[in-house]
Amino acid sequence: MRQPRYGDVQVTAIRLTMDGSNPGWRWFRWRGASRRIAVSIGTLVALLGGCQVGPDFARPAPPGTATYILANATPNLAPGGGEPHQRLVVNQAIPAAWWELFRSPSLDNVVRQAIAGSPTIEAAKATLAQAQQLVLQTQGAYYPQLDAAAAAERQRGPAFGLGLLPSHTLPTYNLYSLGPSVSFTPDVFGLIARQVEQQEAQAENQAYELVAAQLTVTGNTVAEVLTIASVRLQIDAVDGIIADDETNLALVQQLFAAGKVNRTDLLLAEAELANDRTLLPPLRQQVAAAEDALAVLVGKSPAEWHPFAFALADFTLPAELPLSLPSALVRQRPDILAAEAQLHAHSAAIGVATAQMYPNFPLSASVGTAALTSNSLFEGSSVVWTLTSGLTAPIFHGGALMAQKQAAIEAFRASLATYRQTVLGGLGQVADLLRALGHDAELVEAERRAVDASEGALALERITYAAGKTRVLDLLSAERDYQQARVGYARARGQRYLDSAQLLVALGGGGWWGGRNPIASSAARSSPGNIP
């Protein structure tokens with residue numbers, strides 16, 4: 001028997017059938033128009049293979065400005081009065097462990113505990129792993145799908161080799177079949193490629209979300225530690241104020257006992273001491289709340305984890321603060337990069353919606369055995385195979401496909417606006433912190449001067465009050481000024497440390513962007529405005 005000639009794209013349908021008048025398998029092929037259709041489909045598949053419809057994606061252009069704030073608003077980070085100076089170093093690399101700039105082993109210990117034990121980071125890692133598996137799942141459509149099937153059927157009708165029989169004599173018999181099948185849909189218009197591109201962009205988004213989670217956890221940990229140290233410095237200041245109140249009260253009691261002042265002065269001194277003692281509970285509550293938050297950040301409950309006794313004197317204010325240019329910031333901040341990856345995913349979604357408006361060409365093949373008894377399944381005469389190809393093209397869907405494409409375009413535009421807003425938010429945050437650092441330097445110098453001045457005024461008031469030349473109200477007023485100056489100075493010093501840390505976080509942390517991206521996207525990149 002002459003075997004039919006066929007190729008991968010030249011045969012539309014080939015089937016094996018059974019002719020009862022001549023037992024055995026025979027080959028049948030479509031002829032005439034069917035053959036021309038097969039050749040046309042095969043040629044179309046060959047010509048269009050690898051074509052991708054829809055827009056290609058390109059990274060949005062970085063900001064063109066070279067500064068975050070106006071040139072005449074450049075902050076001065078060098079206060080007088082012996083306070084530590086700071087300076088900004090443009091384009092200096094930020095260390096991967098940026099918190100080590102504060103030179104505190106206890107801070108480094110806590111941050112590393114937070115990185116290792118944070119449920120937030122653990123959840124982000126699992127979400128990234130899920131997204132990467134979805135990429136692999138989508139890529140599976142590039143390859144043929146191989147399946148195996150087995151069946152046992154009870155039938156009534158002409159059986160193998162019996163020819164045509166009267167209907168009242170048709171036998172009832174068992175039919176067994178076994179064999180594999182292969183199906184494959186060539187990615188002619190890039191539907192699969194765009195779906196893979198979309199999933200890769202989503203995975204890239206999750207990779208940057210993981211980096212953002214790590215940066216958030218480390219940033220919040222450093223912030224809570226510095227808050228604890230700053231508030232404890234304020235508590236020390238209030239403790240000193242209370243000690244001064246007790247000294248003043250002792251002086252008033254001495255003068256009252258000698259009959260040199262009236263009871264009113266004694267009551268005012270006692271009231272001043274009582275009022276200043278009320279400053280301690282709120283400050284201690286701030287420390288407690290920060291310690292509880294720190295325990296949660298390291299993945300522990302407040303009942304099972306106790307933080308170090310942080311003091312601001314244990315930290316070193318960074319003398320040099322790295323400052324990235326705005327054009328580099330958009331390549332460093334993970335929230336901006338995550339928004340960019342989301343924009344890429346929406347761009348690929350336009351390609352997916354566009355490709356669904358084009359035909360597809362499914363191919364399938366199967367080979368197996370069929371017999372009336374299970375013992376005959378593996379005999380050579382029972383082999384059956386088929387090879388089919390087809391074309392499926394959308395003609396009328398009530399406008400649904402066009403609406404789906406337009407919806408994808410609008411989603412891309414919304415994502416582009418979100419990306420731009422994220423960039424503006426990042427630039428604004430860095431600008432705010434630069435201004436804040438300048439104001440911190442001014443404030444810490446002013447508060448230091450206020451402490452020195454009020455301390456001298458208080459000492460003078462005590463001498464004149466003891467000599468009976470001034471009123472107790474003047475003494476208490478001088479003491480109140482000194483109190484406000486000491487607490488304000490402690491608060492300003494702590495805020496300077498905190499703003500320095502927040503600037504490093506606002507710049508995107510450090511180190512991770514110097515190597516390869518968390519996940520590389522294989523999609524081509526051209527123009528974000530290329531929307532059909």
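Tutor: Let us begin with accessibility: a residue counts as buried under 20% relative accessible area, as exposed over 50%, and as partly exposed in between. Please keep in mind that this is a predicted model.

Student: Is Arg471 buried or exposed by that rule?

Tutor: Arg471 counts as exposed, because its relative accessibility is 53%. Its side chain meets that of Asp474 in a salt bridge, at 3.5 Å from N to O. Asp474, at 28%, is partly exposed.

Student: How is a salt bridge to be understood in general, and how many salt bridges are counted here?

Tutor: Side chains of opposite charge can pair when their charged atoms come close. In this model the count comes to 18 salt bridges. One of them joins Glu340 and Arg59, with the closest N and O atoms 2.7 Å apart. Glu340 belongs to helix H8 and Arg59 to the loop between helix H1 (33-48) and strand S3 (87-90), so this pair ties together parts 281 residues apart in sequence. Glu340 is buried, at 4% relative accessible area, whereas Arg59 is partly exposed at 32%.

Student: Which parts of the chain does the pair of Glu272 and Arg480 link?

Tutor: The two side chains form a salt bridge of 3.3 Å, N to O. This pair links helix H5 (residues 263-277), which holds Glu272, to helix H10, which holds Arg480, across 208 residues. Glu272 is buried at 7%, and Arg480 is partly exposed at 36%.

Student: How does one describe the packing of helices H8 and H9?

Tutor: Two packed helices are described by the angle between their axes and the distance between the axes. For H8 (residues 334-355) and H9 (residues 400-466), the axes come within 9 Å and cross at roughly 170°. The two helices are therefore roughly antiparallel. Among the residues that meet are Leu343 and Ile350 in H8, and Phe412 and Tyr419 in H9.

Student: Finally, how many aromatic pairs does the structure hold?

Tutor: It holds four. One of them, Trp98 with Trp99, is edge-to-face, at 5.8 Å centre to centre and 80° between the planes. Both Trp98 and Trp99 are buried.

Key
Residues numbered from 1 in each chain as written. Predicted model: local features only at pLDDT ≥ 70, side-chain atom pairs only at ≥ 80, totals over all residues. Heavy atoms only, no water. Phe/Tyr/Trp six-rings, centres within 6.5 Å; stacked < 30°, edge-to-face > 60°. Buried < 20%, exposed > 50% of the residue type's maximum accessible area, 1.4 Å probe, protein only. Axes fitted to C-alpha atoms, helices over the stretch in contact; angles between N-to-C directions. Helix = DSSP H or I, 4+ residues; strand = E, 2+ residues; numbered from the N terminus. Parallel < 35°, antiparallel > 145°, perpendicular 65-115°, else oblique. Contact = heavy atoms within 4.5 Å. Salt bridge = Lys/Arg side-chain N within 4 Å of Asp/Glu carboxyl O.
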